[in-house]
Amino acid sequence: ANFAVSNSSVDSTDMILVHRDSGGTDGSYYAQATAVATDAFHITVTNLTAGALDEAVVISFMVLKSTTN
């Protein structure tokens, strides 16, 4: 699954940390931030099992501000 997150505090140079906060089976999901841009990014959640999953998963994220020199 892939979905967009709008957040006015995000810059294209920032790092987004993402994790499964709750819900779903432990060890069955991998969540990551992709396509980081100014004011938005995407989160991709991947099923790590061989079976089909349809659990409600709660995702948390943290924005780490970055600077360039």
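Author: Strands (E, at least two residues) and helices (H or I, at least four) are DSSP runs, numbered from the N terminus. Ala40, for instance, has its place in strand S4. The model is a predicted one, in which local features need pLDDT of at least 70 and side-chain atom pairs count only at pLDDT 80 or more, while totals for chains, interfaces and linings use all residues. Residues are numbered from 1 along each chain as its sequence is written, and side-chain values use heavy atoms, with hydrogens and water left out.

Reader: What is the order of the strands in the open sheet of 3 strands?

Author: Two strands pair if DSSP finds at least two bridges between them. Here the order is S1-S4-S3, with antiparallel pairing. Strand S1 (2-6) and strand S3 (29-37) each have a single partner strand and stand at the edges, so one side of each lacks a neighbour in the sheet. Strands S3 and S4 (residues 40-47) are joined by 7 bridges; Tyr30 has Thr46 in S4 as its bridge partner.

Reader: Is Asn7 buried or exposed?

Author: Relative accessible area decides this: buried means under 20%, exposed over 50%, and partly exposed in between (1.4 Å probe, protein chains only). Asn7, in the loop between S1 and S2, counts as buried because its relative accessibility is 18%. Ala40, by contrast, counts as partly exposed at 25%.

Reader: Which residues does Ala40 touch, not counting residues up to four places away in sequence?

Author: Contact means heavy atoms within 4.5 Å. With that exclusion, Ala40 touches Val5, Ser6, Asn7, Val10 and Ala35. Under the corresponding exclusion, Asn7 is in contact with Asp39, Ala40 and Phe61. Ala40 and Ser9 are 31 residues apart along the chain, and their C-alpha atoms are separated by 8.6 Å.

Reader: Which residues make the nonpolar surface patch?

Author: Like charges are joined within 9 Å, and nonpolar side chains (Val, Leu, Ile, Met, Phe, Trp, Tyr) within 5 Å. Accessible areas come from the Shrake-Rupley method with a 1.4 Å probe; for residues, only the protein chains shown count as cover. In this model, Met15, Leu17, Met62 and Leu64 make a patch of about 350 Å². Strands S2 (15-22) and S5 (58-64) each supply at least two of the patch residues. Leu64, found in strand S5, is partly exposed, with a relative accessible area of 32%.

Notes. Patches are made of residues with over 30% relative accessible area and no salt bridge: like charges are joined within 9 Å, nonpolar side chains (Val, Leu, Ile, Met, Phe, Trp, Tyr) within 5 Å. A salt bridge is a side-chain nitrogen of Lys or Arg within 4 Å of a carboxyl oxygen of Asp or Glu.
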